[in-house]
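This report describes the arrangement of a single chain and the site of its ligand. The sequence and the model are shown first.

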Amino acid sequence: MPQSYFTASSQNFSSYGITNFGIPIPTTKCQATYIWIDGTGENLRSKTRILDEVPKCIEDYPLWNYDGSSTGQATGRFSDLFLKPVAEYPDPFLGCGNNRLVLCETYDAENNPTETNHRYHCNQIMEAIMDEKPMFGMEQEYLFLDMDLRPLGWPKDKLPPPQGPYYCGVGADRMYGREIVQAHANACLLAGLKLAGTNAEVTPAQWEFQIGICKGIEMGDQLWMARYLLHRVAERAGVVVTLDPKPEVTMGDWNGAGCHTNFSTSAMRHHGGLDVIKSAMKKLEPRHSDHLKLYDPNGGKDNLKRLSGKHETSSVDKFTWGIADRSCSVRIPRQVGTDGKGYLEDRRPSSNCDPYVVTAAIASAILLDKEN
Ligand code: ADP
Ligand code: MN
Ligand code: MN
Ligand code: MN
Ligand code: MN
């Protein structure tokens, strides 16, 4: 078991080194790490293959297979599933250079998307609405855990002092894991992701990063890749990342974790946009309960623990919206109200949501749904 970040004698994250135990990174080959979403719809897997040279475009990466029976995606007899590369990024763990992180979709032997390949459907939605120039930004909240799965830095035998000083805080008595957060930000930028920012959140050891503004399918791709980088950076520090929106230990007076999803179309971003945003609320409202089922990977069950109407969340029973109101299902930011144009923020998605499912649900309800 790796030593925990905080009990390691050399507490400095940099002691883990960024150059792979001092072994130089080869420059003659391309190490391509293929990454995919497993059968939980929440966890990521990856494996690496060595290519003779860097493929010129994503289509030039070879298809690859994997054992779906070991990832909750197939039974033993039909265990071979396929990885189809869809997006590539320089690999910051291997000095960028020739090495790549390769995000993949998963397909079965008949070339059907697997059950948790939600990118396939999302891509169809995004292509159908391309003319509206849909843009997204997602705010990923998460919690660091120690190797014993207790929140990082929390006393082992009691609860930490109540929330209040932790949000955007400074100081060793309230900040847990900042070095990991910074290393993750660096990794995102080196990989070319559109990281918008990071902040410490309300619960101790809880943090947030934002990815955006992204166009269409790029939102899901980049958020999944940023999650992958976070797990990898934290892994080096012997720290676990959980996207559980409300882990058992935080069931008391502690904020849960969400994944606020900001959305705009070209019409919303231009003169008269506020009216377009308000009419979008009428499209979202009748879809409230359908959307809640889609906003976590377990049919809405995980998110139920979080959406209590307390701790900056809305109630699950009723769709609400408002300007600058953080207790609503959907918020119109203050500045958007003032400018009369901009974007909306859906505050309901759970931290462990699939961004492909969420962005497709929002975009199709607002732009494609003919029923309401
Ligand atoms: P807050 O915590 O106040 O809700 P953040 O600053 O954490 O807001 O996140 C705001 C997000 O909104 C960012 O990810 C940003 O990329 C995104 N965003 C800003 N403008 C737009 C827009 N016009 N369309 C879609 N997303 C946007
Ligand atoms: Mn094998
Ligand atoms: Mn935020
Ligand atoms: Mn937040
Ligand atoms: Mn927000």
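In this predicted model, the C-alpha centres of domain 1 and domain 2 lie 26 Å apart. Domain 1 covers residues 30-115, and domain 2 covers residues 126-368. Contact between the two involves 14 residues of domain 1 and 15 residues of domain 2. On the side of domain 1 that touches domain 2, strand E1 (30-37), strand E4 (80-90) and strand E5 (100-107) each supply at least two residues. E4 gives the largest share of that side, 3 residues. By class, the side of domain 1 that touches domain 2 has 11 nonpolar residues, 2 polar residues and 1 charged residue.

**The chain as a whole**

The chain contains 9 helices and 13 strands. Its radius of gyration is 21 Å, close to the 21 Å that the globule rule gives for 372 residues, so the chain is as compact as a globular protein of that length. Along the principal axes, the C-alpha atoms fill a box of roughly 55 × 55 × 40 Å. Of the 372 residues, 45% are buried. Among contacts between residues at least 6 apart in sequence, 67% join residues at least 24 apart.

**The ligand site**

Around ligand 1 there are 16 residues, of which Gly137, Gly212, Asn262, Ser264 and Tyr343 come nearest. The shell comprises 6 nonpolar, 7 polar and 3 charged residues.

**Helix H9**

Helix H9 comprises residues 355-367. How far apart should the ends of its 13 residues be? The expected span rests on 1.5 Å a residue, taken for one less than the number of residues. On that basis H9 should span 18 Å, and its end C-alpha atoms are 18 Å apart, which agrees.

Is H9 mostly covered or mostly open? The helix is mostly covered, with 11 of its 13 residues buried.

Methods: Residues are numbered from 1 along each chain as its sequence is written. Chains are lettered from A and ligands numbered from 1 in the order in which they are written. This is a predicted model: local features need pLDDT of at least 70, side-chain atom pairs count only at pLDDT 80 or more; totals for chains, interfaces and linings use all residues. Helices (H or I, at least four residues) and strands (E, at least two) are DSSP runs, numbered from the N terminus. The radius of gyration is taken over C-alpha atoms; the globule rule is 2.2 Å times the number of residues to the power 0.38. A residue is buried if 20 or more other C-beta atoms lie within 10 Å of its own, exposed if 12 or fewer, and partly exposed in between; C-beta atoms are placed from the backbone. Two residues are in contact if their C-beta atoms, placed from the backbone, lie within 7 Å. A residue is near a molecule or strand if its C-beta atom, placed from the backbone, lies within 6 Å of it. Ala, Val, Leu, Ile, Met, Phe, Trp, Tyr, Cys and Pro count as nonpolar, Asp, Glu, Lys and Arg as charged, and the others, Gly among them, as polar. Domain bounds come from an automatic or database domain assignment.
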